[in-house]
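Student: Hi! I have a new structure to look at and I'd like to talk it through with you. Could you show it to me?

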Amino acid sequence: MAENDKPDRFLQRGVEDSLVTDFATKHRSSYGDFLELKTLLNIQKTFQDPAEPDEMLFIIIHQVSELWLKLMHHQLVETRRFLQLDQLGPAMKNIDRIKAIQRQLIGAWETLLTMTPADYLTFRDALGSSSGFQSYGYRQIEFILGNKDASTLKVHRHDAEVMEMLDAALTKPSLYDEVIMLLARKGFDVPDELLERDFSQPYSGDPRIVQIWVTIYSDIDRYWDLYALGEKLMDMETLFQRWRFDHATAVERVIGMQPGTGGSSGVAFLKKALELKFFHDLYDLRTELVQRGRAK
């Protein structure tokens, strides 16, 4: 091959003539305009001046997680709406998306754990009393999934707008409340007191609903859609528990057993959340099915 015939290793792709490059006109929005990048990418304010190296990591990980939580809540609201309309297919499609979002949230802990205790201590004091427990995005998700605990609203009393939003979320039926209503519309014998209860109170399971699920799981050909819905709900709960576990593990690795910045006991407080469940009936169902299987 002659010298002049050698391939050019520095070829540039260039810009195609058809690409839009003029955004000076008012009716055209650029990628940056559409996503408001000048706002989004300028809200990562570090705590100290000069900033410590890992402050930016800490801020971005938590801001991105809040965005995922916002999307997760949006999909949960949509799922609840589809259940109200008896549209199980779209509801389960949304749950699949929620599960993908949960995996993104779980993956964030792996990135955060590249920060060592020594790195964190360089800016921990600058956090003051702020804590992830104060995330109202997370609180919305817990409420719609059924962990209705009005005492958690105390940390939001300073913000009337947030309190109004969370008070509304507290009193609405949870996702599983809507599942119970769906079972009633499907012809199952659901007690009236469960359909007309105070939805601001947590639902801790009911043996009568467990028996309905036993019927469904004992005849999955007949009740395939409800069976599939039950399993997708359990998928979501399992991923939520994994997120909680990874959260507690990450905190223990970074600060040990020291109290959290928001005044909690830290890891011990986070581990208590591992005892919480959203879909009690679907857990009790498993116990019932195994007991019946052994009795045969």
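Tutor: Happy to; we can go from the overall fold to single residues, and please keep in mind that this is a predicted model.

Student: Got it. How many helices and strands are there in the protein?

Tutor: The protein has 13 helices and zero strands. Read from the N terminus, the elements run α-α-α-α-α-α-α-α-α-α-α-α-α.

Student: And what is the radius of gyration of the protein, next to that of a compact globule?

Tutor: The protein has a radius of gyration of 25 Å, whereas a compact globule of 296 residues would be near 19 Å. Along the principal axes, the C-alpha atoms fill a box of roughly 80 × 55 × 45 Å.

Student: How much of the protein counts as buried?

Tutor: Of the 296 residues, 38% count as buried.

Student: Let's zoom in. Which residues of helix 10 are buried?

Tutor: Helix 10 covers residues 207–217, and its buried residues are Ile209, Val210, Ile212, Trp213, Val214, Ile216 and Tyr217.

Student: What covers them?

Tutor: The cover for the buried residues of helix 10 includes helix 8 (175–185), helix 9 (192–195), helix 11 (224–255) and helix 13 (280–295).

Student: What happens at the start of helix 10?

Tutor: There, a side-chain oxygen of Asp206 comes to within 2.8 Å of the backbone nitrogen of Arg208.

Student: New topic: salt bridges. How many does the count come to?

Tutor: The count comes to 14 salt bridges. One of them joins Glu78 and Arg81, with the closest N and O atoms 2.9 Å apart.

Student: Where do Glu78 and Arg81 lie?

Tutor: Both Glu78 and Arg81 are in helix 3, three residues apart, which is about one turn of the helix. Glu78 counts as partly exposed because its relative accessibility is 22%, and Arg81 is partly exposed at 35%.

Student: Which parts does the salt bridge of Lys271 and Glu252 tie together?

Tutor: Lys271 forms a salt bridge with Glu252, with the closest N and O atoms 3.6 Å apart. Lys271 is in helix 12 (residues 267–272) and Glu252 is in helix 11, so this pair ties together parts that are 19 residues apart in sequence.

Student: Which residues are linked in a network of salt bridges?

Tutor: Asp96, Lys99, Lys232 and Asp235 are linked that way.

Student: Okay, backbone now. Which peptide bond is cis?

Tutor: The one from Asp49 to Pro50 is cis, with omega near 5 degrees. Pro50 sits in the loop between helix 2 and helix 3.

Student: Where does phi take a positive value in a residue other than glycine?

Tutor: Glu36 is one of the places, with phi near 50 degrees. Asp86 also has a positive phi, near 60 degrees. For background, most residues other than glycine have a negative phi, and most peptide bonds are trans.

Student: Is Glu36 buried or exposed?

Tutor: Glu36 counts as exposed because its relative accessibility is 52%, and the cut-off for exposed is over 50%. Glu36 is found in the loop between helix 1 (31–35) and helix 2.

Student: And where is Asp86?

Tutor: Asp86 is in the loop between helix 3 and helix 4 (88–112). At 34% relative accessibility, Asp86 counts as partly exposed.

Student: Last one: which residues form a nonpolar patch on the surface?

Tutor: Leu40, Leu41, Ile43 and Leu67 form that patch, and together they have about 360 Å² of accessible area. Ile43 lies in the loop between helix 2 (37–40) and helix 3 (55–84), and Ile43 counts as partly exposed at 42% relative accessibility.

Key:
Residues numbered from 1 in each chain as written. Predicted model: local features only at pLDDT ≥ 70, side-chain atom pairs only at ≥ 80, totals over all residues. Heavy atoms only, no water. Patch = residues over 30% accessible without salt bridge, like charges linked within 9 Å, V, L, I, M, F, W, Y side chains within 5 Å. Areas by Shrake-Rupley, 256 points an atom, 1.4 Å probe, with all protein chains shown as cover. Salt bridge = Lys/Arg side-chain N within 4 Å of Asp/Glu carboxyl O. Helix = DSSP H or I, 4+ residues; strand = E, 2+ residues; numbered from the N terminus. Buried < 20%, exposed > 50% of the residue type's maximum accessible area, 1.4 Å probe, protein only. Contact = heavy atoms within 4.5 Å. Polar contact = N/O pair within 3.5 Å; in protein donor to acceptor, adjacent residues only side chain to side chain. Rg over C-alpha atoms; globule rule 2.2 N^0.38 Å.
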